[in-house]
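Here's a quick briefing to read alongside the model. Have the sequence and the 3D view open as you go.

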Amino acid sequence: MAKLRPVVDFAQDIRVTLEDSLMIFPLPDSGWGGRHPSMGWTTSFVTVKLKPTRLEVVQTEILSGEMRFDMQNNMPEDVRIKLYFNDIKKNEVINLADVIPANAVKTVRLPLGGTVFRPQMSSSGSDFINNISGNMDVETFGLRLISERMVDWRYVPSPIAFNSLTGRIVDMRIPFGTVPLDVSLAADFEGVQAATLEINLANGIVFSKELSLKVIAREDTSGGRSISLDLPAEMRPLGEGNPDDPELTTLRLDETNSNIVDLLNLKPAFIEISGHILLGGVTQSTVRRTDGIDIQVAIRSPLEAAFADNTAVSESKNISSDTSTRARLARATGGTLTLDFANGLPVGVGIRLLLGTDAERLLESPALKIPRQGDIAVGAAPVDASTGLVRQPVTHREQVTLTSAEAAVFSRSRLKSLMVITTEATNDRKVRIVDSDAVKMSIRARISVSE
């Protein structure tokens, strides 16, 4: 079955949303007054609450986002406002200045991209940052003070994305999911007795704590049943990841410790995979936007089959070399070709290597055929007596001496190689194979050339 790759992009997925907040700036009752130059500044302390509150932030670089404020001027004169947060900096304190027209509402924005947020720790003893503190100054241009409410403001929430975050996180869940994955079953599928669910993790998140994963299969009928498989509790804990060198882990579920066989025997048309990564930790660390956990999920079930004398042809592969190298190879006087084979099938195989420049005629008229007659025989891979599955591939090395004409084939441009594999018959004896069982080959050529 195909592999899935849900990727958790940690800092990209965390969004800090600020709560709605309303603050009124009072002015003293000064009675009636005439028009005169600026009344000066009226300053108020500003507090904006943060969500979520499970972040112990020491410092964060902000990738994108903004603070938006709806300012309402309740006076019959224009006023100038200045808003600044001491904890948000970009070389110096970031501030916002604007003029709010008389008796009007205006939206003002404080862009945060490229800034650094370095909050002061709470005086209450808690290291968790629940708010951003700042100040707002309001200046009149000269007016009669007839209202106690000069300027109202309301914060408009918007996402803020981090580029990096230094601090601690307490039990934050980052969910992931996949679109339904199609399942292709043979028309004569009669069910399986053994199967493996393999989960490969490349963990690059220091704060990782737990993996939760669920596989759901649905019967390929209208209103059909569904079966789910959950990752057992003992397999969920995650160790600390490393963004520079991701920690690799493989988890396996099979017929002995899960209901994977029942899930496949439901004959599903597709499966769904969902879950979450739980983040948390007791020590401070730094996570970047590019850090994440790479999850590969593969379901494998062995196929029991009897082999006949079948022939399979691999896809052609290019053998490339630069112009100067090909010019030297054209003067070849001979050479040696070393072929290394690894047979991962539980049956013996015969292998032929074909080389040529015409992909469509490579089978019928190759420029070079190794061996010149027949096939190279490679024995069957050993199998486990209890499972019937291949324990490890069997290897074989073949060395072939090349004539000058054969060696000169490697001087041709757009040279391609093809592998032809013939399996030996098992005479109705069934063997077990999985999709990872394969035949592999590597080629090394040593060519002598005339000077």
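Predicted model: local features only at pLDDT ≥ 70, side-chain atom pairs only at ≥ 80, totals over all residues.

Residues are numbered from 1 along each chain as its sequence is written, and side-chain values use heavy atoms, with hydrogens and water left out.

- Strand 16 (residues 208–219) and strand 17 (residues 226–230) run antiparallel, joined by 5 bridges; strands here are DSSP runs of E, at least two residues, numbered from the N terminus, and two of them pair if DSSP finds at least two bridges between them.
- In strand 17, Ile227 and Leu229 make up the covered face, while Ser226, Ser228 and Asp230 make up the uncovered one.

**Asn200**
- Asn200 sits in strand 15 and counts as buried because its relative accessibility is 18% (buried means under 20% relative accessible area, with a 1.4 Å probe and protein chains only).
- Its contacts (heavy atoms within 4.5 Å), leaving out residues up to four places away in sequence, are Thr249, Thr250, Asp294, Ile295 and Gln296.

**Second largest pocket**
- Strand 15 (196–203) and strand 18 (247–254) each give at least two residues to the lining of the second largest pocket. A pocket is an open set of points on a 1 Å grid over the protein atoms alone, where a 1.4 Å probe fits, with protein on both sides within 12 Å along at least five of seven lines; lining residues have an atom within 4 Å of a point.
- The lining has 24 residues, and Leu389, Val390, Val434, Ser436 and Asp437 lie nearest the centre.

Conventions: Helix = DSSP H or I, 4+ residues; strand = E, 2+ residues; numbered from the N terminus. Buried < 20%, exposed > 50% of the residue type's maximum accessible area, 1.4 Å probe, protein only.
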